[in-house]
Amino acid sequence: MEPKTSFKIITTKDELYQVIQHCRTTGYASIDFETNAAPVASDLFFPTILGVSFQPGFSYIIPLAHFDSPFKNSWKSILGIFSRLVYSNPNIVKIAWNFSFEYKIFYKYGHIPRGYLFDGMLARYILDEVGPFGLKPNVARYIPEWGGYEDNYEGSNKDWAEKPLEGLSKYCGLDCDNT
């Protein structure tokens, strides 16, 4: 069964500010980076997109250094705006699966969180210390109708740095929504 979720790729700063306002209004931001798969500490590393969800069934995708990003020459500024107004906002709960990964990326570019952080993977461990702890196996277990989405999107067979924006955005949007 195809998951009942949607996503929108933002293309302007005005749309970015709308996403930020939605996060402020709801008080939540489920976030997920997709990257070129280089180690975060490497000089070759870069985030390709940032997914954001604040309600079930819908995610926004903020293109960053992706080769088709409208912000590919200004992505650090775009990330800085989001970080300053959402990630560093103590009134917005930041949610992620394996938050340490997202934290490392924000930290690499000088951004520090404020307020509550919720890590779904840690919560899963607290509920049952027996794995698996990855998002995909837990989606398959707890939301079986959504299981397997990671194998069914445009570009799923390509290297992370080569995935098309549309397919990668669908994948990332589902990660945010499922988290």
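Which residues does Thr35 touch, not counting residues up to four places away in sequence? In this predicted model, Thr35 touches Phe45, Phe46, Pro47, Thr48, Phe101, Ile105 and Trp160. The protein chain has six helices and six strands. Its radius of gyration is 15 Å, close to the 16 Å that the globule rule gives for 179 residues, so the chain is as compact as a globular protein of that length.

**The chain as a whole**

- From the N terminus on, the order of elements is β-α-β-β-β-α-β-α-β-α-α-α.
- Along the principal axes, the C-alpha atoms of the protein chain fill a box of roughly 40 × 35 × 30 Å.
- Of the 179 residues in the protein chain, 49% are buried.
- Contacts between residues at least 6 apart in sequence join residues at least 24 apart in 60% of cases.
- The protein chain has an accessible surface of about 9,000 Å², and 54% of this belongs to carbon and sulfur atoms.

- Thr35 belongs to strand β2, which covers residues 28-35.
- Thr35 has a relative accessible area of 9%, so it is buried, the cut-off being under 20%.
- A polar atom of the Thr35 side chain lies 3.0 Å from the backbone nitrogen of Ala37.
- Phe33 also lies in strand β2, and Phe33 counts as buried because its relative accessibility is 2%.
- Leaving aside neighbours within four places in sequence, Phe33 is in contact with Pro47, Ile49, Leu50, Leu64, Leu79, Phe101, Glu102, Ile105 and Phe106.
- Phe33 and Asp175 are 142 residues apart in sequence, while their C-alpha atoms are 9.5 Å apart in space.

**Helix α3: Glu102**

- Glu102 is found in helix α3, which covers residues 99-108.
- With a relative accessible area of 1%, Glu102 is buried.
- Not counting residues up to four places away in sequence, Glu102 touches Ile31, Asp32, Phe33, Ala96 and Trp97.

**Loops and backbone geometry**

- Ala37 lies in the loop between β2 and β3, the latter covering residues 47-55.
- Although Ala37 is not a glycine, it has a positive phi of about 75°.
- Asn98 is placed in the loop between β5 and α3.
- Asn98 is a residue other than glycine with a positive phi, near 65°.
- Asn98 counts as partly exposed, at 27% relative accessibility.
- Pro132 is placed in the loop between α4 (120-127) and α5 (135-142).
- The peptide bond that joins Gly131 and Pro132 is cis, with omega about 10°.

- Pro90 lies in the loop between α2 (75-87) and β5 (93-96).
- The relative accessible area of Pro90 is 36%, so this residue is partly exposed, a class that runs between the 20% limit for buried and the 50% limit for exposed.
- Pro90 is in contact with Arg114 and Gly115, leaving aside neighbours within four places in sequence.
- Pro90 and Gly27 are 63 residues apart along the chain, and their C-alpha atoms are separated by 9.4 Å.

Methods: Residues are numbered from 1 along each chain as its sequence is written. This is a predicted model: local features need pLDDT of at least 70, side-chain atom pairs count only at pLDDT 80 or more; totals for chains, interfaces and linings use all residues. Side-chain values use heavy atoms; hydrogens and water are left out. Helices (H or I, at least four residues) and strands (E, at least two) are DSSP runs, numbered from the N terminus. Buried means under 20% relative accessible area, exposed over 50%, partly exposed in between (1.4 Å probe, protein chains only). A polar contact is a pair of N or O atoms within 3.5 Å; within protein, one must be able to donate a hydrogen and the other to accept it, and residues adjacent in sequence count only if both atoms are side-chain atoms. Contact means heavy atoms within 4.5 Å. The radius of gyration is taken over C-alpha atoms; the globule rule is 2.2 Å times the number of residues to the power 0.38. Accessible areas come from the Shrake-Rupley method with a 1.4 Å probe; for residues, only the protein chains shown count as cover.
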